[in-house]
Amino acid sequence: MQQTKARKPFPTHVLVFLAPAVIIYSLFMVVPLLNSLRLSFYETGPQNQLTFVGLDNYINLFTNVNFAPRFWGALGNNIVFFLVHMLVQNPIALLLAALLATGGRGRGFYRSTLFMPTILSVVIIGFIWNLILSPLWGVAETMLSWVGLEQLFKPWLGLESTALVTVSLISVWQFVGIPMILFYAALIGIPEELTEAARVDGASGWSTFWRIKFPLILPTVGIVGILTYVGNFNAFDLIYTIKGANAGPEYSTDIMGTFFYRTYFGQQLQLGNPSMGATVAAMMFLIILVGVLIYLFTWQRRIQSYEL
Amino acid sequence: MSTPIAGPKIIQAHWWYRLRQSLRAFAPHIILFGYMLIALFPIYMIIMNSFKERNAIFGAPFQLPNAETFSLVGYETVLQRADFATNFMNSIIVTAMSLVLTLLIGSMAAYALSEYRFLGNTLLALYLSIGIMIPIRLGTVGILNMMVTLSLVNTLTGLILVYIAQALPLTIFILTSFMRQVPTELKDAARIDGASEYRIFWLIVPLIRPALGAIGIFTMIPIWNDLWFPLILAPSEKTATVTLGVQQFLGQFVSDWNAVLSSLTLAMVPVLIFYFIFSRQMIRSITAGAIK
């Protein structure tokens with residue numbers, strides 16, 4: 001045992017300082033998480049009695065006709081949901097951040113207003129867009145007609161082919177503020193001397209950005225990537241608000257979060273199933289864990305060696 | 001002598017330079033302004049139309065309310081619902097309690113981790129930071145079972161405990177790094193004066209106030225906006241929060257557009273006012289935190 005502060009009795013105060021945090025965190029986060037994982041190896045009987053069934057629930061999830069199509073569907077949709085965020089949200093965020101970081105008039109104002117949708121509840125955002133895109137109100141249609149494109153209008157949220165991308169874009173619209181602020185913080189943290197030297201050498205703003213600034217903010221790019229991944233594979237509120245637990249039309253907007261909710265609590269004709277719900281949650285845990293590990297062991301490592 | 005020739009040239013270059021600079025300064029404005037319209041327009045449409053009568057909402061959605069179309073009928077419908085006040089109180093209690101307790105418990109733990117070296121210090125710090133990456137929602141099944149056992153279902157206490165557990169990992173992680181920056185001399189001087197460790201903790205806390213403020217804002221917003229845990233742990237009428245209340249209310253009144261627009265506006269306004277007051281500090285604190 002190390003003793004840096006010499007001549008001290010048993011450090012009760014250390015225990016007092018740590019106990020509340022460790023107890024609440026363990027009791028309401030770690031233990032429930034482990035219990036959920038454990039429950040995925042058991043079957044729940046009619047009187048809530050548990051029987052150990054090994055990997056049966058997982059086999060069920062991958063092969064049973066009631067679960068497998070929904071699971072693969074939700075996973076596929078969730079991947080699309082994530083890709084839309086990576087390909088639309090994060091590049092827009094980078095562009096806005098780069099423009100904000102150039103300084104100049106009104107930047108503080110833009111920074112605050114662009115971040116505003118992010119602080120509103122997903123429930124409110126969901127309803128707002130539901131109304132704006134509603135054919136009943138016709139706001140979106142009228143706006144398209146201003147530029148002569150009204151024939152492009154469709155009830156995007158109601159069509160199987162477009163609902164998922166539309167919901168993803170609404171989510172992008174709301175959350176673009178977070179990566180924007182993270183990129184912005186990284187960009188204004190770059191020392192002036194580095195870009196100054198390039199400017200003296202006659203480099204354009206464009207090449208200064210990609211050759212000097214972007215490589216320097218790669219750690220932030222990684223953080224934004226992993227935050228997007230974890231947030232997306234854990235999403236639920238927006239789709240539940242706009243489309244309900246059934247994630248219609250025809251499950252076309254179903255992602256892991258809504259699939260978990262339906263499996264655990266049941267829906268119109270199907271009773272809820274705690275064990276299968278726990279199994280879906282365990283799969284979400286695995287998916288997120290794989291992403292986090294890939295991030296920690298490839299991206300962060302490479303970045304570190306890059307800095308050396 | 002080359003000065004008389006070079007003189008006008010410099011002025012000319014200067015003029016061109018200024019034009020090019022101003023063009024270059026203008027392009028970001030156009031993009032930022034354009035995106036700002038995209039970000040604000042939907043919110044504006046909802047708030048503006050909530051003050052109009054039904055025919056005007058549908059007939060001329062882009063027109064500002066005037067003497068003829070102005071109407072508060074939506075707000076009357078919403079405010080007649082007694083639950084709205086209850087929902088607000090619930091949200092305020094849950095958010096405030098979670099916030100205060102997270103900051104207190106989190107800074108205590110951060111102080112212990114940064115100040116004392118004991119066996120398993122690093123391991124404990126690592127254990128407490130797992131929750132930064134793994135979302136607490138994945139333990140929902142276990143949390144609900146535990147709440148049933150403790151009979152905390154449909155209580156605000158249950159929600160508060162979950163939100164504290166959710167916010168602690170990041171709070172402790174950030175506060176630990178801030179606590180480390182407090183000069184040791186300060187604490188040693190207090191120790192020589194015979195102050196107890198608890199007393200020293202209370203001396204340190206005010207020094208990290210900026211960090212506490214930033215974490216406070218970032219803990220608050222997700223708790224206030226959360227739908228998942230109120231829906232699952234406390235869906236009863238007595239315990240529903242604003243977010244859940246609005247969600248259920250909007251579900252029932254889909255066809256009453258006045259009521260829908262007004263309740264959306266009412267749910268947004270407190271958050272927007274709060275944001276207008278604190279947005280500068282908030283963004284400054286994230287940027288400051290991220291640079292570290």
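Student: What share of the contacts in chain B between residues at least 6 apart in sequence join residues at least 24 apart, and what makes two residues count as a contact?

Tutor: Two residues are in contact if their C-beta atoms, placed from the backbone, lie within 7 Å, and of the contacts in chain B between residues at least 6 apart in sequence, 77% join residues at least 24 apart. This is a predicted model, in which local features need pLDDT of at least 70 and side-chain atom pairs count only at pLDDT 80 or more, whereas totals for chains, interfaces and linings use all residues. Residues are numbered from 1 along each chain as its sequence is written, while chains are lettered from A and ligands numbered from 1 in the order in which they are written.

Student: How do you know what confidence the predictor gives to chain B?

Tutor: The predictor's confidence in each residue is its pLDDT, on a scale from 0 to 100; for chain B the mean is 85, with 92% of the residues at 70 or more. Over residues 1-7 of chain B, however, the pLDDT is below 50, and this stretch has zero contacts in the model beyond near neighbours in sequence. Where pLDDT is low, the predicted coordinates should not be read in detail.

Student: Why is chain B described as spread out or compact?

Tutor: Chain B has 13 helices and zero strands, where helices (H or I, at least four residues) and strands (E, at least two) are DSSP runs numbered from the N terminus. Its radius of gyration, taken over C-alpha atoms, is set against a globule rule of 2.2 Å times the number of residues to the power 0.38; the value is 27 Å, well over the 19 Å that the rule gives for 292 residues, so chain B is more spread out than a compact globule. The C-alpha trace of chain B spans about 75 × 75 × 35 Å along its principal axes.

Student: How do you know to which class E250(A) belongs, and to which Y251(A)?

Tutor: E250(A) has 11 other C-beta atoms within 10 Å and is therefore exposed, whereas Y251(A), with 19 C-beta neighbours inside 10 Å, counts as partly exposed.

Student: What makes a set of residues a nonpolar core, and between which domains of chain B does the largest one lie?

Tutor: A nonpolar core is a set of buried Ala, Val, Leu, Ile, Met, Phe, Trp, Tyr and Cys residues joined through C-beta atoms within 7 Å. The largest has 146 residues, of which A97(A), I124(A), F183(A), M284(A), A109(B) and V162(B) touch the most other members. With domain bounds from an automatic or database domain assignment, domain 1 (3-49) and domain 2 (81-252) of chain B both give residues to this core, so it lies between them.

Technical notes. A residue is buried if 20 or more other C-beta atoms lie within 10 Å of its own, exposed if 12 or fewer, and partly exposed in between; C-beta atoms are placed from the backbone.
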